[in-house]
Amino acid sequence: MEFGLSEQQTALQDSVNRFLDEKAPLERVRQYSEERQERADDIWDGLVELGLPALLVPESQGGIELGALDAAVACECLGRHVTPSPFLSTAVLAPTAIKLAGSEEQQNRYLPEIANGSATFGAALSEATGARRDAGVSATRGKLNGKALFVIDLYSDNYLVADTDNQLHIVPSDASGLTINTLPQIDRTRPIGEITFNSTPSDALADDGQGSALRAVIDIGRVMIAADTLGASQEMLDQSVQYAMGREQFNRVIASFQAVKHMCAEMAAEIEPSRALLWYAAHTIDEDPEESHLNACHTKAHLSEVGSFIGKTATIVHGGMGFTDLLGLHYWFKRIGYNRQILGGPESVREEAASAQGLC
Amino acid sequence: MDLSYGPEYEAFRQGVREFIETNRDRAPRGEAMKSDRVQSWQKLLIDNGYTARTIPREYGGHGGEPDIIKARIIGEEFARSQTPGGLGGQGISMLVPTLLELGTEEQKKRFVPPTLAGEMIWCQGYSEPNAGSDLASLRTSAVLDGDEWVVNGSKIWTSTAHLADWIFCLVRTEPDAPKHQGISFLLFKMDTPGIEIQPLVDMTMARNFNEVFFTDVRVPKEQIVGKRGEGWFVANAILGHERDSLGDPNSTLTRLNRLIEIARQETVGGQRLIDNPVFRDRMMKIQARVMSLRFNDQRVLSSRINNTDARLARMISKLQGTELRHDLEGLAIDIMGEIGLMYGRSDYLTDNGSWQQQYMYFLGLIIGGGTSQIQKNIISERGLGMPKEPKFDQQAKA
């Protein structure tokens with residue numbers, strides 16, 4: 001029995017963290033955000049070199065063929081470094097959809113390009129977890145029409161699109177009739193937007209009539225977003241402890257005050273069990289499909305709550321500096337805020353958890 | 001991640017299940033401590049290696065090899081089938097491991113076998129009215145007079161003192177030494193002249209706790225564990241045992257599942273409680289917390305098996321386990337509303353009033369065994385490397 005990360009997973013974690021520490025520190029993230037850059041190719045190229053987009057792709061398609069827990073480990077690193085990158089849609093959502101619902105021809109076409117980093121993906125799934133206003137994409141005779149809101153990883157080469165019948169499609173970003181509109185939002189490390197389709201041709205993935213592939217994509221996506229929050233939360237705690245150890249008031253470091261120590265202890269006490277929950281949820285995605293939906297819902301909702309608590313508490317530990325742009329702690333605060341709403345906020349996800357158990 | 005225990009252990013689990021199936025009608029059903037039924041069940045469990053498993057035979061145990069997974073499986077199977085497991089209590093869970101580690105050969109032979117057999121009942125004399133979280137400031141004194149210690153002072157929160165045959169007790173023997181170095185660990189009989197016991201009724205109205213007063217209680221000199229002045233270290237060898245067992249998330253899960261069952265059956269205004277979206281949301285919120293602590297627990301278990309580091313995960317379990325359980329019991333009361341108030345015989349009493357009882361009981365456990373605040377000190381200092389509290393008494397002396 002081993003409940004935890006394997007040596008290989010720890011090594012992956014170390015190498016991604018090391019790369020991001022060196023090549024994508026906060027200054028680089030600031031530049032990306034402040035200059036409203038669309039892509040951070042330098043960062044993406046480095047992640048490709050580390051094999052990140054190949055994680056879930058089968059070996060036969062040029063991938064590494066690892067599992068959801070490995071991808072979650074990578075996501076945690078990205079959250080820890082508030083990294084701008086299309087990892088979630090490209091390396092997780094798209095390959096999951098294509099592996100489950102793609103024909104052999106579609107797998108051969110897309111998966112090798114994903115694995116070698118030459119094709120990036122965004123994902124238009126928001127309507128599947130709660131359509132806002134008049135949003136919705138309909139598919140008829142191979143053409144898409146309508147509007148997808150809050151498309152994630154917006155500046156990508158292709159999109160994974162869910163239609164109103166829960167079928168998935170792949171559409172290149174330069175397809176005819178497709179227009180992209182950026183929606184400025186609070187987390188500037190993650191570009192999202194609106195895409196309208198006007199008789200846009202799509203490459204439809206197989207439809208089993210039950211939306212199974214879409215559900216699986218959302219489940220794994222939720223686990224990944226939770227992992228991102230876990231990484232961001234851990235980083236906020238680490239920065240809080242470090243700041244409190246250096247900041248002196250009343251002739252003592254503030255880390256020696258119980259009021260401050262207890263806030264840090266409470267953060268640790270929330271983070272540690274969440275880590276175990278996340279590991280388990282990621283594990284069941286591959287190993288226990290019957291349980292994976294419930295676990296994914298609970299993990300997404302729980303990490304959302306934990307993340308909000310950490311975001312608030314860590315900022316307070318930093319005092320006035322926590323409120324400034326100078327320190328940049330708000331990058332993590334906003335990252336966590338984004339993660340809370342995307343692919344279903346905690347209340348709606350918990351309702352799905354209840355439904356999964358036949359409670360509503 | 002590898003969550004299976006492997007075929008060898010699944011076979012072991014099967015054996016435990018068969019044992020329970022065959023023998024469960026011999027298990028005690030609320031009989032008094034020391035009753036024949038309790039003691040013969042305990043003996044049966046020891047013989048089969050389902051309690052006192054790794055304690056050597058010469059001290060009345062089963063004499064098995066330590067095996068964390070087998071111990072876990074036994075716990076799981078007895079809990080699952082709601083069959084009483086081996087005897088607990090402070091003698092077995094705290095004193096026995098201490099004696100095995102630090103007692104003399106004579107002490108082990110004299111005390112461990114009858115304690116394991118359920119023939120010798122112990123209480124723990126640690127806390128005092130003025131020594132709670134700051135336990136090391138305790139003042140009950142023991143002065144050597146010839147071949148005997150003479151004990152004076154008082155203890156509080158002494159569970160089962162009125163039922164105990166013996167007490168293991170922390171006393172100050174070196175009044176001039178620094179506070180942690182002036183304490184000794186004594187064992188003495190509760191019927192020794194000079195001991196007075198007064199019940200301390202708790203908020204659940206149970207008379208489990210006591211205050212115990214010592215007036216010139218004479219204790220044979222050799223009834224000390226460890227040397228004079230080493231009592232603090234002797235006691236600390238086992239404090240960790242107590243903390244680990246409070247707020248077990250598996251029993252919290254059993255309670256949550258029962259709550260969900262109640263919410264599916266009970267109605268208000270003709271509507272099932274589970275159909276109220278606010279209650280449902282609160283239940284789901286707490287379900288995720290229960291799951292996260294259960295997996296945290298598995299992670300800690302795994303770290304013990306594989307000798308890996310999960311210190312923080314372990315340190316937070318008492319804090320989070322007790323807070324969660326208290327929250328869960330409180331949620332059940334909210335969901336049941338007025339029915340949740342029932343505490344005494346009526347047609348509306350649910351689960352024997354256990355929701356109110358446990359709601360309060362776990363408030364007690366948030367405080368007992370190291371308060372949540374003390375836990376947070378431990379987590380921040382030992383887990384996160386933050387500085388210790390400044391010591392005002394020492395500053396004042398300097």
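**Exercise 1.** Determine which residue Val171(B) stands opposite in β5(B), and describe the pairing of that strand.

*Solution.* Step 1. Val171(B) stands opposite Ser184(B) in β5(B). The model is a predicted one, in which local features require pLDDT of at least 70 and side-chain atom pairs count only at pLDDT 80 or more, whereas totals for chains, interfaces and linings use all residues. Residues are numbered from 1 along each chain as its sequence is written, with chains lettered from A and ligands numbered from 1 in the order in which they are written.

Step 1. Strand β4 (residues 166–172) of chain B pairs with β5(B) in the antiparallel sense over seven bridges. Strands are DSSP runs of E with at least two residues, helices are runs of H or I with at least four, and both are numbered from the N terminus; two strands pair if DSSP finds at least two bridges between them.

Step 2. β5(B) also pairs with strand β8 (residues 224–225) of chain B, in the antiparallel sense and over two bridges. Here Leu186(B) stands opposite Ile224(B).

Step 3. Of the seven residues of β5(B), which spans 183–189, six are buried. A residue is buried if 20 or more other C-beta atoms, placed from the backbone, lie within 10 Å of its own, exposed if 12 or fewer do, and partly exposed in between.

**Exercise 2.** Is Ala353(A) buried or exposed, and with which residues is Ala353(A) in contact?

*Solution.* Step 1. Ala353(A) is found in helix α13 of chain A. Because 27 C-beta neighbours lie inside 10 Å, Ala353(A) counts as buried.

Step 1. Leaving aside neighbours within four places in sequence, Ala353(A) is in contact with Leu294(A), Cys297(A), His298(A), Ala301(A) and Met284(B).

**Exercise 3.** Describe the contact between domain 1 and domain 3 of chain A.

*Solution.* Step 1. An automatic or database domain assignment divides chain A into domain 1 (7–115), domain 2 (121–204) and domain 3 (212–356). The C-alpha centres of domain 1 and domain 3 of chain A lie 20 Å apart.

Step 1. Domain 1 of chain A gives 22 residues to the contact and domain 3 of chain A gives 25. On the side of domain 1, the elements giving two or more residues are α2 (26–34), α4 (68–80) and α5 (87–101) of chain A, with the largest share, ten residues, from α4(A).

**Exercise 4.** How many helices and strands does chain A have, and what is its radius of gyration?

*Solution.* Step 1. Chain A has 13 helices and ten strands, and 56% of its 360 residues count as buried.

Step 1. The radius of gyration, taken over C-alpha atoms, is judged against a globule rule of 2.2 Å times the number of residues to the power 0.38. For 360 residues a compact globule would have a radius of gyration near 21 Å, so the 20 Å of chain A agrees.

Technical notes: Contact = placed C-beta atoms within 7 Å.
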